[in-house]
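Open the model in your viewer and keep the sequence beside it. This tour tells you what to select next and what is there.

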Amino acid sequence: MGKIYSFVLVAIALMMGREGWALESESCLREQVRLRAQVHQLETRVKQQQTMIAQLLHEKEVQFLDKGSENSFIDLGGKRQYADCSEIYNDGFKQSGFYKIKPLQSLAEFSVYCDMSDGGGWTVIQRRSDGSENFNRGWNDYENGFGNFVQNNGEYWLGNKNINLLTIQGDYTLNRPDRF
């Protein structure tokens, strides 16, 4: 009887050991799943930050171009911030050229060419003059804008973000592209 009792105790201990091992193994698997999810979250954050860094570098490049020829901008005398070229025109400024505007929902002002001929106040979203700027570009460039925003014959695309900031302010008319 003593041998049977010992055998039963050993069998119970082994079974409990297996249950403990099974529980420990299950706990390990749950920890692996949790860690994999955490790694995936971190990888996603890194990709988002890399995208943001690329956008900021591009915006800095555009700002650097803007600062290259501050004298090419028409000075409005700090009178006020304008949401688009039509506001500048309606406030009495009739000279075509580069101006700084700040649409209502924009966080910062940006450069645009304002055509003040033919009734004036035209905010030019694309300028092509001599083919010097390569317009065969990726989505990020079209989203943020590219080109030379400071020279009188500079070619540029204003950027989908900036165009959106302009057009959500109200109704606008798109003029013929051959006009400019």
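Helices (H or I, at least four residues) and strands (E, at least two) are DSSP runs, numbered from the N terminus. The model is predicted: local features need pLDDT of at least 70, side-chain atom pairs count only at pLDDT 80 or more, and totals for chains, interfaces and linings use all residues. Residues are numbered from 1 along each chain as its sequence is written, and side-chain values use heavy atoms, with hydrogens and water left out.

**Stop 1: the whole chain**

Colour by secondary structure. The chain has four helices and six strands. Read from the N terminus, the elements run α-α-β-β-β-β-α-β-β-α.

Now show the surface. The accessible surface comes to about 12800 Å² (Shrake-Rupley method, 1.4 Å probe; for residues, only the protein chains shown count as cover). Carbon and sulfur atoms account for 56% of that surface. Of the 180 residues in the chain, 29% are buried. Buried means under 20% relative accessible area, exposed means over 50%, and partly exposed lies in between (1.4 Å probe, protein chains only).

Turn to contacts, meaning heavy atoms within 4.5 Å. Among those between residues at least 6 apart in sequence, 49% join residues at least 24 apart.

**Stop 2: I88**

Select I88. It is found in helix α2, residues 85–90. Is I88 buried or exposed? I88 is buried, with a relative accessible area of 0%.

Which residues touch I88, leaving aside its neighbours within four places in sequence? Select L76, Y82, F93, Y99, I101, C114 and M116: these are the contacts of I88.

I88 and K100 are twelve residues apart in sequence, and their C-alpha atoms are 9.9 Å apart in space.

**Stop 3: the nonpolar core**

Keep I88 selected and widen the view. A nonpolar core is a set of buried Ala, Val, Leu, Ile, Met, Phe, Trp, Tyr and Cys residues joined through side-chain atoms within 4.5 Å. The largest one here has 27 residues. Those with the most contacts inside it are I88, Y99, V112, C114, Y156 and L158. At least two residues of this core come from each of α2, β1 (97–101), β2 (110–115), β6 (156–157) and α4 (160–167). Which element gives the most to this core? That is β2, with four residues.

**Stop 4**

Select β1. Four of its five residues are buried, so β1 is largely enclosed by the rest of the structure.

**Stop 5**

Strands of a sheet pair through backbone hydrogen bonds, either parallel or antiparallel. Select β4, β6 and β5. They form an open sheet of three strands in the order β4-β6-β5, with antiparallel pairing. Why is one side of β4 and of β5 left without a neighbour in the sheet? Both β4 (126–127) and β5 (146–147) stand at the edges with a single partner strand each, so one side of each has no neighbour there. Zoom in on β5 and β6: they pair in the antiparallel sense over two bridges. Here G147 stands opposite Y156 in β6.

**Stop 5: helix α4**

Move on to α4 and select N162, I163, L165 and L166, which are buried. They lie on the same side of α4, because they cover an arc of only 160° around the axis (taken from the directions from the helix axis to the C-beta atoms). What covers the buried residues of α4? The cover includes β1, β2, β3 (122–124), α3 (139–144) and β6.

**Stop 6: salt bridges**

A salt bridge is a side-chain nitrogen of Lys or Arg within 4 Å of a carboxyl oxygen of Asp or Glu. The structure holds six of them.

- Select E31 and R34. Their closest N and O atoms are 2.6 Å apart. Both lie in helix α1 (residues 2–68), three residues apart, about one turn of the helix. E31 is partly exposed at 35% relative accessibility, and R34 is partly exposed at 43%.
- Select E133 and R137. Their side chains meet in a salt bridge of 2.5 Å, N to O. E133 is buried at 18%, whereas R137 is partly exposed at 29%.
- Finish with R80, E87 and D91. Salt bridges that share partners join these residues into one network.

Conventions:
Two strands pair if DSSP finds at least two bridges between them.
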